[in-house]
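Subject: Structure handover

Hello,

Here is the structure for your files. My notes on what was found in it follow below.

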Amino acid sequence: MDYLKTLNPAQRTAVTVGTGQALVLAGPGSGKTRVLTHRIAYLIQGLGVHAHTILAVTFTNKAARQMEARLEALLPGGAPGVWLGTFHANCAKILRRESQYLPFDNHYVIMDADDQLAILRRVIKDLNLDEKTFRAANIHAAISNAKNNLVTAGDFPTRSYREEVTKRIYERYQDTLRTSNAVDFDDLLLETVRLLVENPPVRERYARRFEHVLVDEFQDTNLVQYELLKLLASYHANIFVVGDEDQSIYRWRGADYRNVRRFEEDYPACQKILLEQNYRSTQTVLDAARAVIEHNPYRTPKHLFSDRGKGERIVLYETADDHAEAAFVVDTIQQWLRNGKAGGGDFAVMYRTNAQSRLLEEACLRAGMPYRLVGALRFYGRREIKDLIAFLRLVHNPQDEVSLARVINVPPRGVGEKTLVALNMAARQANLSPGWLLIDLGRKGSDSPYWGRFNGRSGLVLSDIGALLAAWRSANEDGLPLPALFDRILADVGYQEYIDDGSQDGPDRWENVEELRRLAYEYADRGLNDFLENLALVSDQDTLPEGAASAPTLLTLHAAKGLEFAQVFIIGMDEGLLPHSRSRDDHEETAEERRLFYVGLTRAKDRVYLVRANTRSTYGAPEVQEPSRFLEDLPEELVQRHGQRRNGYEEDHRKLSPPPAKTWGINGSIPWRPANPAQTSTPIIHQRFFPADRVRHPVWGEGIVLESRTQDGDETVDVFFETVKFKRLVASLANLEILPKK
DNA sequence: AAGGCCCTTCTTTTT
DNA sequence: GAAGGGCCTT
């Protein structure tokens with residue numbers, strides 16, 4: 001067992017800990033995933049445990065895949081048979097197998113967030129409720145929250161009018177799911193728990209099967225997940241969990257880091273192992289991160305240490321506005337790339353909200369710099385993708401009312417509100433789902449008993465659609481391969497002509513369809529069911545191509561968990577963004593925002609840049625921003641400040657360089673010279689340009705110097721030109737002429 | 001029934 | 001500054 005030799009003592013203790021319960025509290029970069037994979041390898045190879053009796057649960061598909069890859073490296077042939085996947089994927093698998101005990105059959109479809117909102121909007125309308133008072137999104141949150149806490153529609157409290165109404169919506173929503181032969185994300189977990197609680201023989205079967213249960217990111221489990229684990233481990237009670245309270249960032253999804261403490265109470269004999277050696281970051285990064293996280297109450301103190309040395313100070317850079325913020329990030333990265341001291345894949349840019357990626361993308365495009373964007377794009381959220389998935393879902397499960405409503409008139413074929421209502425009415429009276437009624441209409445035409453329920457024109461149109469659906473279903477049952485089915489649907493409805501309609505983004509949309517088609521090819525031998533299940537459970541966060549990246553990565557702080565990069569930019573270090581305004585008044589939520597910042601900081605191996613903007617456009621209009629309160633937590637000696645003024649040292653600064661007579665620059669604010677010269681600068685050359693200097697460029701004309709610094713034997717000047725706005729120039733090449741002060 | 005235009009509203013974070 | 005909904009016209 002050579003692989004044990006590569007572990008440090010604490011890691012080895014964790015990997016080889018005896019049976020029973022183990023709680024591994026692992027700081028960032030301490031080899032958490034390593035411990036988990038080695039543990040599995042040790043169980044199989046060292047203790048002779050059968051792979052198929054091991055259940056390993058992760059939160060993201062990305063993490064699951066990563067573990068799979070590492071297992072393959074560790075064990076010859078990998079560890080096939082291990083139930084390795086996300087909570088949701090493992091539950092889907094169990095539900096599919098045990099559908100005989102469930103209120104839906106094994107052709108059930110999984111409703112995503114958009115589908116859920118669509119159902120709720122309709123329910124709210126059907127109940128004649130005011131859509132402003134009862135917003136679908138809020139109701140959705142309430143229902144999801146209930147489900148995460150094991151509260152079913154029947155159990156939903158009615159202490160207030162609002163709760164009463166919510167309960168009614170919840171019930172109707174649940175009815176729609178069932179008549180659609182569907183579950184939502186939360187049902188996957190809740191129904192599995194219910195299955196195991198209500199059917200002792202089934203519980204017994206799974207509990208006996210899973211000799212070992214291992215859990216990653218345990219701090220992010222919610223109550224349903226915790227119960228599920230307890231049920232699954234109820235026979236052998238071998239449960240090995242790994243987590244870090246300080247990295248709990250999914251409270252809003254019901255995650256409760258106190259499950260860590262609950263675990264210790266529920267399993268008093270559990271062995272607790274701390275992993276404190278960090279193999280990722282410099283001591284400066286760790287010290288800064290600790291200074292931040294120590295402001296949070298109720299946590300297990302940890303002493304992370306690193307032997308990587310002190311490293312570079314954290315750069316705090318302030319810009320005039322959000323455009324300059326993005327420009328700074330892109331320019332800085334490009335500088336590193338140009339001098340060959342870093343590769344594109346060394347960089348990550350992190351932000352609190354997806355909306356912040358837009359300006360970054362634009363800046364990258366303008367600079368001609370390739371980048372990888374995680375999430376945000378919402379490939380699966382695109383109209384054309386959702387359309388095609390809806391067709392496929394209908395073939396798989398004609399009861400899916402959400403999908404039917406989505407595509408019954410795609411491409412437009414004359415089915416409007418009236419026809420749809422007629423269809424639904426007829427279906428309800430026939431005690432049949434609209435989808436099945438449609439198929440009957442398609443198969444029998446005017447001989448169908450339902451034909452008479454529609455006027456001539458809509459009857460014709462509906463039976464046409466029904467005929468298509470019926471034909472697709474038979475083709476699928478006769479074993480038509482998935483890609484061929486996909487093509488057939490495209491051809492039958494004339495989808496290409498519909499989506500690539502000569503408009504500007506037509507070709508892009510069609511390209512997306514082809515991308516989905518390519519994906520269908522990969523599932524050719526696994527079939528429609530697996531394809532749909534994966535589409536539902538694989539998120540946009542997982543679309544990031546793996547392997548050595550050569551371009552900077554743009555991602556949210558949430559998506560960054562579990563990853564590491566040589567250099568990390570965290571942008572939007574402003575009050576209202578981080579911490580987010582929605583969490584301002586709640587201590588627990590502010591604490592979570594702090595953990596989010598902590599997660600971001602600890603992703604960095606070598607360098608951190610914290611960037612903020614003095615004004616920023618949130619909706620449309622620019623608004624003045626205050627620096628994030630978290631910046632105050634950083635010890636001054638770990639930080640280098642650059643860019644615009646920052647309260648505190650503003651006064652000193654005025655003495656050093658008198659403000660120019662005329663207000664210039666962006667939004668009327670005046671950039672000043674940094675208080676401390678850059679640590680990295682090599683003062684061999686004499687600095688020629690200073691903030692607020694007026695300069696002339698042969699091409700771009702007159703501009704004003706925002707900032708200048710000497711670095712790597714040259715002087716880099718940031719200039720704001722009237723013509724082309726912000727530019728970063730190398731002084732020796734740019735041929736800049738200094739103009740006399742006005 | 002469909003498409004176009006204007007209005008509002010909105011933004012956390014994701015399986 | 002986008003996307004969805006409501007209201008208008010064809």
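The model holds 0 disulfides, and it is a predicted model. A disulfide is a covalent bond between the sulfur atoms of two cysteines. With a relative accessible area of 14%, Cys270 falls under the 20% cut-off and is therefore buried. Cys364 is buried as well, at 2%.

On the nonpolar cores: the largest one has 48 residues, and the members that touch the most others are Leu392, Leu462, Leu516 and Phe531. Helix 15 (residues 383-396) gives the largest share of this core, 8 residues. Which residues does Leu516 contact, neighbours within four places in sequence left aside? They are Phe379, Ile385, Leu388, Ile389, Phe486, Phe531 and Leu535. There is also a second, separate core of 42 residues, with Ala92, Leu188, Leu229 and Leu231 among them.

On the DNA: Arg121, Arg358, Tyr619 and Gly620 surround DNA strand C. Of the atoms of DNA strand C that come within 4 Å of the protein, 43% belong to sugar and phosphate. By type, the residues near DNA strand C divide into 2 charged, 1 polar and 1 nonpolar.

- Arg358: a polar side-chain atom is 2.3 Å from a phosphate oxygen of DNA strand C.
- Arg121: an N or O atom of the side chain is 3.4 Å from a phosphate oxygen of DNA strand C.

Regards

Note on methods:
Residues are numbered from 1 along each chain as its sequence is written. Chains are lettered from A and ligands numbered from 1 in the order in which they are written. This is a predicted model: local features need pLDDT of at least 70, side-chain atom pairs count only at pLDDT 80 or more; totals for chains, interfaces and linings use all residues. Side-chain values use heavy atoms; hydrogens and water are left out. A residue is near a molecule or strand if one of its heavy atoms lies within 4 Å of it. A polar contact is a pair of N or O atoms within 3.5 Å; within protein, one must be able to donate a hydrogen and the other to accept it, and residues adjacent in sequence count only if both atoms are side-chain atoms. Ala, Val, Leu, Ile, Met, Phe, Trp, Tyr, Cys and Pro count as nonpolar, Asp, Glu, Lys and Arg as charged, and the others, Gly among them, as polar. A disulfide is a pair of cysteine sulfur atoms within 2.5 Å. Buried means under 20% relative accessible area, exposed over 50%, partly exposed in between (1.4 Å probe, protein chains only). A nonpolar core is a set of buried Ala, Val, Leu, Ile, Met, Phe, Trp, Tyr and Cys residues joined through side-chain atoms within 4.5 Å. Helices (H or I, at least four residues) and strands (E, at least two) are DSSP runs, numbered from the N terminus. Contact means heavy atoms within 4.5 Å.
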